[in-house]
Amino acid sequence: MLFTPLKVGTLTLPNRVLLAPLTRARADTGHMPNALMAEYYSQRATGGLLITECTMVAPGTSAFINEPGIYSDAQIAAWKKVTDAVHAKGGRIFMQIWHAGRAAHPDMNDGAATVSSCATAIEGDIQTANGKVPNAVPHALTAEEIPAIVATYVQGAKNAIAAGFDGVEVHGANGYLIDQFLRDTPNQRTDSYGGALENRARLLFEVLTAVTAAIGSERVGLRLSPLNSYNSMKDSDPMALISYLGEKLNAFNLAYLHVMRADFFGVQKADVLIPAREKYKGVLIGNMGYTAEEAEAAIAAGKLDAVAFGTAFLANPDLPARIQAKAALNTPDADTFYTPGAKGYTDYPSL
Ligand code: PHB
């Protein structure tokens, strides 16, 4: 089943072994993509679909050192080399478009204030170029400020298409801006963007409406993580959240819905893929800690249509071939996940 083709939007994926979005922190100064990144992604071109690392839709929103952006002409031109390299090897690639919200920090953004649903900081520290500092208290966006935020996602999506991407994945997961509205911790707003599910989902739906209108719904995917407590996130009813979203997302006719099934810290537990599958009628991608065997079984049982592999694909550029051959896998080296240069990035051997 992992090697049964799958239609995603207008693409036909040759297999269902996808590259999950992974922060790799190899961009150049100025949030610029580079030749090393083109090599990294093109090495993995045999994946059914590659999804890039989270990529800034606007300046002033950086949360990680050396993360890439998609808001300038220079970045578009540099990303074009990445998409050309992937396409030259017969691959398909979506860009994950992202606004970090309160997970960004003024020290990484020339003093720019961070924004969120509410004026509540993430607990603990953030790593900046000048060392660790406490997370910043964000400015709570007013309803009047939200259209300009939606516009940054639209511009990012248009820029991604201009850079040759096959589509975009809107990042609605892991405690970044959209998720800061979706979940009731931190979203304690009392206006039309807080409270009831339809209000907390309003920013997400405004972004999806505008982005699908701009580039076509068949080129837009969405990632959600109803359980992940990373970035001080929590929802009082994650199953209700994913059920509601799964149902409502049908109207958008997206390329896919990509659901992280677990919590990085194992605090919040539930089987969110069951309501996701029940409510959502489109292509459903699962992610987080799947072995090839489990992925195969989940697809065969109809629970999912495809699986995105993170660290396994990071460490095995030829992961689909290795799965097909039942070959041994290289072990991911966590010490080089976010370090500069080729080590632990483009030097993992293929079979
Ligand atoms: C991370 O780099 O830790 C990270 C980035 C984006 C995510 C999740 C985790 O969505």
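How do the residues of the shell around the ligand divide into nonpolar, polar and charged? Six are nonpolar, three are polar and none is charged. Here Ala, Val, Leu, Ile, Met, Phe, Trp, Tyr, Cys and Pro count as nonpolar, Asp, Glu, Lys and Arg as charged, and the others, Gly among them, as polar.

Before moving on, note that this is a predicted model: local features need pLDDT of at least 70, side-chain atom pairs count only at pLDDT 80 or more, and totals for chains, interfaces and linings use all residues. Residues are numbered from 1 along each chain as its sequence is written, and side-chain values use heavy atoms, with hydrogens and water left out.

**Stop 1: the ligand**

Select Thr23, Cys54, Phe64, His171, Asn174, Tyr176, Tyr230, Phe264 and Tyr338. These residues surround the ligand, each with a heavy atom within 4 Å of it. Now look for polar contacts (pairs of N or O atoms within 3.5 Å; within protein, one must be able to donate a hydrogen and the other to accept it, and residues adjacent in sequence count only if both atoms are side-chain atoms). A side-chain N or O atom of Asn174 sits 2.6 Å from a ligand oxygen. For Tyr230, the corresponding distance to a ligand oxygen is 2.9 Å. For a polar side-chain atom of Thr23, it is 3.1 Å. On its own the ligand has 280 Å² of accessible area, and the protein covers 85% of that; areas come from the Shrake-Rupley method with a 1.4 Å probe, and for residues only the protein chains shown count as cover.

**Stop 2: Asn174**

Stay on Asn174. Its place is the loop between β10 (167-171) and α4. Helices (H or I, at least four residues) and strands (E, at least two) are DSSP runs, numbered from the N terminus. Asn174 is not a glycine, yet its phi is positive, about 55°. Is Asn174 buried or exposed? Asn174 is buried, with a relative accessible area of 5%. Buried means under 20%, exposed over 50%, partly exposed in between (1.4 Å probe, protein chains only).

**Stop 3: His99**

Go to the loop between β5 (93-98) and β6 (115-116), where His99 is placed. His99 is buried, at 6% relative accessible area. A polar atom of the His99 side chain lies 2.9 Å from the backbone nitrogen of Gly101. Beyond four places in sequence, contacts of His99 (heavy atoms within 4.5 Å) include Val57, Ile149 and Tyr176. Tyr176 also belongs to the ligand's surroundings.

**Stop 4: the nonpolar cores**

Select Leu245 and Leu249. Of the 80 residues in the largest nonpolar core, these two touch the most other members. Such a core is a set of buried Ala, Val, Leu, Ile, Met, Phe, Trp, Tyr and Cys residues joined through side-chain atoms within 4.5 Å. Among the contacts of Leu249 beyond four places in sequence are Phe205, Leu222 and Tyr280. A second, separate core has 15 residues, including Ala20, Leu49, Phe94 and Ala255.

**Stop 5: Val86**

Val86 is in helix α2 (residues 73-88). Val86 is buried, at 0% relative accessible area.

**Stop 6: backbone details**

Select Thr185 and Pro186. The peptide bond between them is cis, with omega near 20°. Pro186 lies in the loop between α4 (177-182) and α5 (197-200). Finish at Lys326, in the segment after α11 (319-325). Phi of Lys326 is positive, near 50°, and the residue is exposed, at 76% relative accessible area.
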